[in-house]
Amino acid sequence: AATAAARGAVVVDDDADDDGIDVWKLRWPDDRDELREWFGIDAAAALPAEPRRATRLSSAEYEWYARRGVPVVVGDVMDEWPARRWTCDTLAQQWPEARVELFGEDSVHVSARLGEADYLATHVPLNLSSRVAPRLGSWYWFPINVQQHPLTRQNHRLLRGVRVPYFAPQSVVNRMTLANRLELFTGVRGSGAPPHSDQVCQWIFSGQTAGAKLWRLAMWPDLERLAALNPGFEYDDDRHRDDVADRAATEFPLFEFTQRAGDMVFFPPGMIHMTRVDADVCSASFSLQVAEPVPTEYLRHFRDRLAQDRDGCASCFHQYWNVMNYGDGLGPGPNVTDAASADEYARDMFERLDRDADGAASRAELVEHYQYWASWQPYTLGDLGDTPWTIASLADNFLAFNDRDGDGRVSLAEWRRAAREWTPRMAATSRFFLERHAQEAADDDDGGGGGGKK
């Protein structure tokens, strides 16, 4: 510990993690100017800023925000939705037998039925540092998760309450993604969700149907820069992840806003978010996912940060975005580790994409490539991060990732540039998850029940 302190890392005895490092006293990367510019926050505005609020959002506007990963609060999405009438009381009346759960610190877990008259009177405290953080956990209902549970009559009734937002593509992909996952939240004043980022690979849409909530949004820090600023500090998911998310939302938030009944906010995968109920009316809200458009520009720009969050959306690169970025399920694989091997991989892969060998991969060639790819592993189209992708959508998103000059084709030069930028990081990410999965399988074989986090 003394050595680490001498080299610049902060070592304390109180409130420190098991390795003696207090995340709250580490030097933090100053990336505010970069984030202001990317998310369109005025240089003179104080942080946290208010995100853009909109009504009658056009499809073109949404396309721009979605590709770039910019959060927006929209006030007229749910006007005609049955879900707009959901309150704590109506949810309890319509689904009284539904099991809701309450999670707190130190693995505290409480379960109740929505129809129980006094379930909202049960509280689990959250010991968070920020003055704006929730004091209590919120109640959580996860009725629709097709990956784990089949659709039921109850679920179909819930799904009739929501829609693909009017400004998003009304595609099969988006309709099926919405039907695959729906979460609901209820809570009293002061309750909410602590700062966190999810293992979700799509755009997150959160609709407030009763009450009001305070939100904060923050970006995950570049963990390699954080380590470089604090010699002796080595980030570990188990010891540091919660504190890193908490500090980012507390001291370095990008956006702060109040979401009122009727508002829907959308924000990109990997973004840290925190909520706190700020009304005496019982809060009711839900979240759903929309897959298209994929936030390709956001993923290119923040690739390194997002890929370092191994218990967050880093797994999305390994099993989801690589299919659209590389045209192949696992991307370059773990053995492509430097510029030379990345270039060799790019040339070899391009021969498969450019089927007529004219020096550029067209959309028609990409469709043909994905048809062949899916023919020998068809399960993957329905097993990519909860999204049942179509051949056409994969081809379109490949172009969005890699067609830098906008001519509707991907040249060898564009593809080599993309491979050089992405490949070392993606190879390391693939290595990590392949090793984790192998360790989990070995633990299962030994009767240990799995050694890693899911």
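Residues are called buried when their relative accessible area is under 20%, exposed when it is over 50% and partly exposed in between, with a 1.4 Å probe and protein chains only. Helices (H or I, at least four residues) and strands (E, at least two) are DSSP runs numbered from the N terminus. The model is predicted, with local features needing pLDDT of at least 70, side-chain atom pairs counting only at pLDDT 80 or more, and totals for chains, interfaces and linings using all residues. Numbering starts from 1 along each chain as its sequence is written, and side-chain values use heavy atoms, leaving out hydrogens and water.

In helix H3 (residues 59–68), the buried residues are Tyr 62, Tyr 65, Ala 66, Arg 67 and Arg 68. Gly 69 follows H3 and has a positive phi, near 80 degrees.

Turning to a loop, Pro 134 sits between strand E4 (109–113) and strand E5 (136–137). Pro 134 is buried, at a relative accessible area of 2%. Beyond its neighbours within four places in sequence, its contacts (heavy atoms within 4.5 Å) include Leu 126, Gly 190, Pro 194 and Met 274. Met 274 lies 140 residues away along the chain, yet the two C-alpha atoms are 8.2 Å apart.

Helices H13 (residues 363–376) and H14 (residues 391–402) pack at about 125 degrees, their axes 9 Å apart; axes are lines fitted to C-alpha atoms over the stretch in contact, and angles run from 0 to 180 degrees between N-to-C directions. Among the residues making the contact are Leu 366 and Trp 373 of H13 and Leu 394 and Phe 398 of H14.
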